[in-house]
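Trainee: Could you take me through the aromatic pairs and the nonpolar cores of this structure, step by step?

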Amino acid sequence: MLDWLNIPLRKAEVMQAMKQALAHNFIDNLRNRHPNVAFDSKLRGYVGELAFRKWLDQNEIRNYSCNHADENSGMDVDFLFERKEKPLSLELKTSLIPDADETFETLAEKRDIKLIRRGAQSIAELKGDVHVQLFFKQLRLRKDEWLKSRRNLSDFSAPLEVREVDKIYQEFAAFRYEKDTYLAAWIDKPTLVKQIEQKPIKQQKWKYGKREFWCCNLKREAKPIEELVFHLKA
């Protein structure tokens, strides 16, 4: 059995994340997906951030701030931790289970932390000092098809009143995020760079669609979540 860490959330916490997702412009950066799928994707991002902050607070790690813009790359930095020498940046990755895997155990054996390679960058140019992977215990393609079968998000009356928000919470089964959220694994950049540079070129990267990703297997190469506490407190 995996020792991935379940982060239970309260309805009020998931509702808070849902309100943030509803306020977001779903067209930008979401590849013109079905509005329900785009909404759930954005919701997962906010739920993941909230769950990780909750885990940090439970472990009395409070020397951080969220959502900064990197002046050099223009990209968002999810978390920034204060350090005497220089701040430590942390990227939080949120994912569903690939349908072919079905279980966390199979997923851990076959899959990697989601480390996007942008353009022709080398592993040394990867942004982020620490990368953390969070999973939701839901199947990706099955979830997308189910979302498309629900009432279209745009059919709900605007501006959204409290009762409409609660209807969306039930309609899109947002209550599942109260128990389906798991912190899986992490990797620090120095360890990752060393791992990649020691591998044959064909084993350094993998592709999905038009994107490339760096390899860091969840079971064999990534680090367990309990070790992240010591790293962030160091």
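Trainee: How many aromatic pairs does the structure hold?

Mentor: What you see is a predicted model, and every value we discuss is computed from it. In this model, the number of aromatic pairs is twelve.

Trainee: Why is the pair of tryptophan 4 and phenylalanine 135 described as it is, and which parts does the pair tie together?

Mentor: The ring centres of tryptophan 4 and phenylalanine 135 lie 5.4 Å apart with their planes at 5°, and since planes under 30 degrees apart count as stacked, the pair is stacked. Tryptophan 4 is buried, as is phenylalanine 135. Because tryptophan 4 lies in the segment before β1 (5-6) while phenylalanine 135 belongs to strand β6 (residues 130-139), the pair ties together parts that are 131 residues apart in sequence.

Trainee: Which helix holds both phenylalanine 52 and tryptophan 55?

Mentor: The rings of phenylalanine 52 and tryptophan 55 have centres 5.5 Å apart and planes at 20°, so this pair, too, is stacked. Both residues are buried, and together with Tyr64, Phe79 and Phe81 they form one aromatic cluster. Phenylalanine 52 and tryptophan 55 are three residues apart, about one turn of the helix, and the helix that holds both is α2 (residues 35-58).

Trainee: Which element gives the most to the largest nonpolar core?

Mentor: The largest nonpolar core has 43 residues, and those with the most contacts inside it are Phe52, Trp55 and Val132. Elements that give two or more residues to this core include α1 (11-22), β3 (76-81) and β6. With nine residues, the element that gives the most to this core is α2.

Definitions and conventions. Residues are numbered from 1 along each chain as its sequence is written. This is a predicted model: local features need pLDDT of at least 70, side-chain atom pairs count only at pLDDT 80 or more; totals for chains, interfaces and linings use all residues. Side-chain values use heavy atoms; hydrogens and water are left out. Rings of Phe, Tyr and Trp (its six-membered ring) pair if their centres lie within 6.5 Å; planes under 30 degrees apart count as stacked, over 60 as edge-to-face and the rest as tilted. Helices (H or I, at least four residues) and strands (E, at least two) are DSSP runs, numbered from the N terminus. Buried means under 20% relative accessible area, exposed over 50%, partly exposed in between (1.4 Å probe, protein chains only). A nonpolar core is a set of buried Ala, Val, Leu, Ile, Met, Phe, Trp, Tyr and Cys residues joined through side-chain atoms within 4.5 Å.
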